[in-house]
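These are notes for a colleague who is opening this structure for the first time. Please keep the sequence and the coordinates at hand while reading.

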Amino acid sequence: MDTSFIAQSSSLDALPEDAALKSHARAIAGTHLRQFFAEDPSRAQWLAFEGAGIRADHSRQRIDKRALELLLALARARGVEARRAMMFGAERINVTEDRAVLHVALRAPKGERIMLDGVNVVDEVHAVLDRMAAFADRVRSGAWTGFTGKRITAVVNIGIGGSDLGPAMAMLAVRPWSDRSITCRFVSNVDGDDFGEQTADLDPETTLFIVSSKTFTTLETMTNANTAREWSLAKLKDRAAVAKHFVAVSTNHGEVAKFGIDTQNMFGFWDWVGGRYSMDSAIGLSTMIACGPAHFREMLEGFREMDEHFRDTPLERNLPVLQGLMGVWNRNYLGFATVGVIPYSHLLARFPAYLQQLTMESNGKYVCLDGKRVKWDTCPVVWGEPGTNAQHSYFQMLHQGSSIVPMDLLGFRHSAHDVKGHQHLLLANILAQAQALSFGKTADEVRKDGCEEPLVAARTFEGNRPISVYMQDAPGPRALGRFVAMYEHAVFTQGVIWGINSFDQWGVELGKKLAVSIAPDLAPGARAAPKHDAATNAWIEWLRSN
């Protein structure tokens with residue numbers, strides 16, 4: 001394994017490309033997007049890119065040709081191309097866990113070879129996909145029945161983090177292509193109200209639970225899984241019923257069997273798949289049951305199209321690389337600490353929540369690959385809601401707030417439901433918001449509209465907000481795969497430039513371990529003096545007394 005990139009990981013601020021970018025950012029800091037377009041109207045063409053079915057428009061980003069040249073030079077200096085080849089070549093670039101990073105293998109076609117430790121992992125992936133498809137077909141056709149012989153009409157996925165956010169997001173995104181006779185629900189929160197609400201109108205005789213946990217020991221997931229088993233057996237009575245109403249997505253045969261699940265109905269995945277990159281693995285079993293194996297494979301094809309575009313396209317025209325570089329420019333050279341993601345599609349309503357984990361769990365790090373602390377900003381805060389709803393909530397702040405928030409606006413030329421008079425209005429809103437956020441409205445323009453002078457300032461829009469617009473032809477499983485893969489690879493690009501490991505998540509562990517140590521002190525009947533910090537002890541005592 002080539003480890004030279006580790007030694008170089010903490011040298012970003014020593015590179016001439018970094019110094020040149022900082023200098024250039026200062027030089028053009030006062031340039032408004034209005035001026036950029038006035039001086040070069042052709043930027044609407046040379047800053048628009050197409051690939052894998054997506055059109056990306058970065059012309060409203062606060063960059064010029066020199067900035068883009070320097071960003072591309074920085075990407076090369078930081079080894080984005082070499083690291084990309086290492087990832088696709090199954091090298092162990094997740095150095096803190098000594099693992100390969102092969103979510104791209106989850107959507108590789110049959111017959112492709114990706115070798116890891118002498119094994120072609122693509123063959124293993126397709127073996128699992130085939131087993132998933134056979135099981136999904138049995139559930140969808142009614143061949144698989146519950147313990148009392150009734151057909152399954154509800155599927156509940158129990159997981160958390162990557163075992164929940166991806167499938168839950170995908171479920172809504174593929175809803176128009178799904179079997180509506182099957183209700184799909186998701187339980188993730190250890191809050192009992194989550195489980196209670198998701199199962200309140202379900203019948204244990206017709207409900208199938210998918211317990212998604214690689215280790216089958218995750219606290220929240222197993223707490224909910226045990227509750228689900230109790231809920232089921234309260235009506236079904238016989239413990240043998242568990243095998244007909246529970247399946248597992250896991251790698252822990254022993255714990256799965258101990259729970260009561262037939263290990264023949266256990267679908268595995270691998271340690272080279274991070275949870276936030278796993279929605280197209282067996283973690284997507286609920287998605288496959290809902291939309292069917294054919295549409296699930298169509299989603300994988302969308303992933304694959306973007307994978308191949310990312311792998312083979314020069315950096316200058318590479319959509320994920322360019323997206324990642326826009327983020328680096330805004331974060332490190334313009335100083336913007338957040339980014340908004342606004343999908344103008346109801347079907348992508350959960351996409352921003354999914355991206356929060358993908359982005360912030362991947363790149364929310366302050367330690368370089370070589371163990372030294374970073375000396376530059378890394379991951380911005382990601383947030384968002386669907387348009388046009390978001391326009392009537394927090395867009396006021398985006399237009400006239402004191403903080404500038406770069407935005408990604410996502411949309412489709414067509415909708416899944418051809419409801420007359422809607423789609424052209426939705427598209428008009430995307431373009432209008434991009435125009436308003438980037439160009440604003442000057443005081444003179446407000447006056448020309450007849451505004452009285454005392455109100456001019458309040459009705460003036462500064463504009464100059466950085467905007468990228470991403471558009472596909474129509475929603476669907478393939479389109480979903482393309483969008484997700486684009487963001488996956490943009491996150492990869494940024495992680496390489498920042499010199500961090502985008503594929504571990506040590507920051508998730510501490511709180512989980514502390515919760516395990518605190519929980520016994522809050523259990524019913526607990527009386528022993530708590531032995532934590534003073535603030536935690538005080539809360540425990542208060543909770544016990546009330």
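1. A definition is needed to begin with: the expected span of a helix is 1.5 Å times one less than its number of residues. The model discussed here is a predicted one. Helix α21 covers residues 509-522, 14 residues in total. The distance from its first C-alpha to its last is 20 Å, close to the expected 20 Å.

2. Where does α21 bend? The bend is at Val516 and amounts to about 25°. A proline, Pro520, follows within four residues of that position.

3. After α15 comes Gly335, with a positive phi near 80°.

4. Is Asn330 buried or exposed? Its relative accessible area is 5%, so Asn330 is buried. Beyond its neighbours within four places in sequence, Asn330 is in contact with Gln61, Gly335, Phe336, Pro406 and Pro466. Gly335, listed among these contacts, is the glycine with positive phi that follows the helix. Between Asn330 and Val405 there are 9.2 Å, C-alpha to C-alpha, and 75 residues in sequence.

5. Phe296 is part of helix α14, residues 293-312. With a relative accessibility of 0%, Phe296 counts as buried. Which residues is Phe296 in contact with, leaving aside its neighbours within four places in sequence? They are Leu129, Met132, Met279, Asp280, Ser281, Gly284, Thr287, Met288 and Cys291. Asn265 is 31 residues from Phe296 in sequence, and their C-alpha atoms are 19 Å apart.

6. Ser362 sits in helix α16, residues 351-363. Ser362 also has a relative accessible area of 0%, and is therefore buried. A polar atom of the Ser362 side chain lies 2.5 Å from the backbone oxygen of Leu358. Setting aside neighbours within four places in sequence, the residues in contact with Ser362 are Arg276, Tyr277, Gln357, Val491, Asn501 and Ser502.

7. Turning to the sheets, six strands form an open sheet with mixed pairing, in the order β1-β2-β13-β12-β10-β11. Its edge strands, β1 (48-51) and β11 (381-383), each pair on one side only. On average, neighbouring strands of this sheet are turned by 15° against each other, direction ignored.

8. Within that sheet, how are β2 and β13 joined? Strand β2 (residues 54-60) and strand β13 (residues 467-472) run antiparallel and are joined by four bridges. Ala56 stands opposite Tyr470 of β13.

9. Another open sheet has five strands in the order β6-β5-β7-β8-β9, and its pairing is parallel. β6 (183-187) and β9 (266-267) each have a single partner strand, so one side of each is left without a neighbour in the sheet. β9 is joined to strand β8 (residues 246-249) by two bridges, and the two strands run parallel. Opposite Phe267 in β9 stands Val249.

Methods: Residues are numbered from 1 along each chain as its sequence is written. This is a predicted model: local features need pLDDT of at least 70, side-chain atom pairs count only at pLDDT 80 or more; totals for chains, interfaces and linings use all residues. Side-chain values use heavy atoms; hydrogens and water are left out. The bend at a residue is the angle between axes fitted to the seven residues ending there and the seven starting there. Buried means under 20% relative accessible area, exposed over 50%, partly exposed in between (1.4 Å probe, protein chains only). Contact means heavy atoms within 4.5 Å. A polar contact is a pair of N or O atoms within 3.5 Å; within protein, one must be able to donate a hydrogen and the other to accept it, and residues adjacent in sequence count only if both atoms are side-chain atoms. Two strands pair if DSSP finds at least two bridges between them. Axes are lines fitted to C-alpha atoms, for helices over the stretch in contact, and angles run from 0 to 180 degrees between N-to-C directions.
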